[in-house]
There are 2 protein chains.
Amino acid sequence: MSAVPAPSAAVMNSLSPFDVAPWSQNHLARTEQALSAWVGHGAPAGLGDAMRYAVLDGGKRLRPLLVLAAYEAVCSGTPAAAASDEAALRAACAVELIHAYSLVHDDMPCMDNDVLRRGKPTVHVQFGEAQALLAGDALQAFAFELLTPDDSALPATMQATLCRLLARAAGSAGMAGGQAIDLASVGVALTEDQLRQMHRLKTGALLQGSVLMGAVCGHAAPAAYQALSDYGAAMGLAFQVVDDILDVVADSATLGKTAGKDAAADKPTYVSLLGLARAQAHAQELLHEAHAALAASGLPDTRALAALADMVVRRSY
Amino acid sequence: MSAVPAPSAAVMNSLSPFDVAPWSQNHLARTEQALSAWVGHGAPAGLGDAMRYAVLDGGKRLRPLLVLAAYEAVCSGTPAAAASDEAALRAACAVELIHAYSLVHDDMPCMDNDVLRRGKPTVHVQFGEAQALLAGDALQAFAFELLTPDDSALPATMQATLCRLLARAAGSAGMAGGQAIDLASVGVALTEDQLRQMHRLKTGALLQGSVLMGAVCGHAAPAAYQALSDYGAAMGLAFQVVDDILDVVADSATLGKTAGKDAAADKPTYVSLLGLARAQAHAQELLHEAHAALAASGLPDTRALAALADMVVRRSY
């Protein structure tokens, strides 16, 4: 079952002219092709194989889609000449590499000890723990390589800004910091503020960072950039609230990973804190916040971003 | 005992006007102060502690010293106005963060399973494996944060170039790639070419990258940049040859880590391949190559780089 009840009429209306399915399909295909062309080549064989296994052929690619949707939203309001399709595609792949490396390390025995990911054996099961550790490390480095090509038309300012955003989203004040709080929170009663802070870092920072990197690739004006930042914050938190809900209401086969893990691990979640109904209502509120931010952006076409926020909240896995 | 016999008279003469001890002391102090000011702040408490433990109060800081020495060598031949002390210090700390994270992950049970590093319990012994994994990940991200400050006078071109060099030196075609080859080489007979390739990646890439990043901070001209690149390649390989020698001739107390590990792990080394005497001669040859590259650089003052190469080859730990 999906995490949250059907959308309100208002939300439906704002989306009715836009069919997200072909848009997603097209951009997913571009992302898959680029990842396959870029990842793991030039690496020693075993390492390259593990890197490609970790990245290719799986995943919802939400983060790349957010990069590309934000990029296109900004381009809808600026001259095409200022934009850079190549930068957006590189940024899309870079955020996915960070996401993929975090999953590889998360799944390891010393962390979540997961053997199943996207229906396949996890990287350390397939390649051994040492190779999984190295593959994760190499994927993180490669994300920054992708953002700093030396033979491309990407302006240095854009390269530097993209590296800055990605490093902050991935690091100790972003994803890695949120994972550390998560680690320290097992069996601990958190307040809603503390839970929100954990999730803002653990998953929100990279989701919001994806939106911001797309905005940078399109040379967003300050007001639009701020609105997209607000969108990213609301959508990013909604993602985690829904994750918490799905951990309770979905089964492992649908999720492609082990369901019920949070409760089994005695981890604080939005469901354990608010109960299921209030968690669902909270996800819906955050969705409305995300839509409101898009409306405030002044950008003429934010339909793909709107559709992605809806997907985040209404997904069933 | 030190790894290699005393230097030739020619080498001594070229160094005689320069006392490396106060130079090192001064630059080490700057590096330690900067690392302490920058690392682990703003991170959740447990993670920040592990990051600082991994980085502070230990280590030879060879890589930061190479950055600073290369920077100063280039500045000795260019107008001071073009240079950036702040960039060099950030680059010096960034390469050390990459080195430190690699040690944290290397020491973990699934890799080398070391409990002692610089005479202290390793990070996973002190903080647990999960926190060590995260601390390593966060240190890598933080290296790129340090290179991309948004409130500084560092030109974007320099930020982007430094990120490019660091990502390549750290990733699958650099350090992580070399570690993967190392992993796959246990009990395998390598040719000297294969051994050299492994070491060029595993330790050489980051050592050479340090030199190049320092050169970039000083806006090196192409000819000087190439000469420093050659210096970095020779010195980087010499470092690993000497490491192999010390693993045989030194004891654990002197090394601050477990001696005799390579032989115990049946790992190919320069000593196992060439024998001790020829390995020592090879280190000396590489040292001469490094000095020759400095002489060819056209830079007026490369004494600190020369002294660091000597230290690399003549060190006893």
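A:A279 sits in helix α15 (residues 276–296) of chain A; helices here are DSSP runs of H or I with at least four residues, strands are runs of E with at least two, and both are numbered from the N terminus. Before we go on, a word on the ground rules: this is a predicted model, where local features need pLDDT of at least 70, side-chain atom pairs count only at pLDDT 80 or more, and totals for chains, interfaces and linings use all residues. Residues are numbered from 1 along each chain as its sequence is written, while chains are lettered from A and ligands numbered from 1 in the order in which they are written.

Is A:A279 buried or exposed? A:A279 is buried, with 22 other C-beta atoms within 10 Å. (Buried takes 20 or more other C-beta atoms within 10 Å of the residue's own, exposed 12 or fewer, and partly exposed is in between; C-beta atoms are placed from the backbone.) Skipping neighbours within four places in sequence, A:A279 is in contact with A:V241, A:D244, A:I245, A:Y270, A:V271 and A:L274, where contact puts the two C-beta atoms, placed from the backbone, within 7 Å. Its C-alpha atom is 16 Å from that of A:R200, which is 79 residues away along the chain.

Now zoom out to chain A. It has 16 helices and two strands, and 56% of its 317 residues count as buried. Among its contacts with a separation of 6 or more, 77% are between residues 24 or more positions apart.

Next, a helix pair. The axes of α10 (residues 192–217) and α11 (residues 222–249) of chain A come within 7 Å and cross at roughly 140°. Axes are lines fitted to C-alpha atoms, for helices over the stretch in contact, and angles run from 0 to 180 degrees between N-to-C directions. That makes α10(A) oblique to α11(A), since angles under 35 degrees count as roughly parallel, over 145 as roughly antiparallel, 65 to 115 as roughly perpendicular and the rest as oblique. The residues making this contact include A:R196 and A:H199 of α10(A), and A:A224 and A:Y225 of α11(A).

| Residue | Phi | Other C-beta atoms within 10 Å |
|---|---|---|
| A:R118 | about 55° | 13, partly exposed |
| B:R61 | near 60° | 21, buried |

A:R118 is in the loop between β1 (116–117) and β2 (120–121) of chain A, and B:R61 is in the loop between α3 and α4 (62–75) of chain B.

How do the chains fit together? A rotation of 180° with 0.0 Å of shift along its axis superposes chain B on chain A (RMSD 0.0 Å), using least squares on the C-alpha atoms of residues with pLDDT of at least 70 in both. That is the relation of a two-fold axis. In chain B, B:A160 comes closest to that axis, at 2.4 Å (C-alpha).

The contact takes 44 residues from chain B and 44 residues from chain A. On the chain B side, α7(B) gives the most, with twelve residues. Since 100% of the interface residues of chain B are also interface residues in chain A, the copies meet through the same surface.
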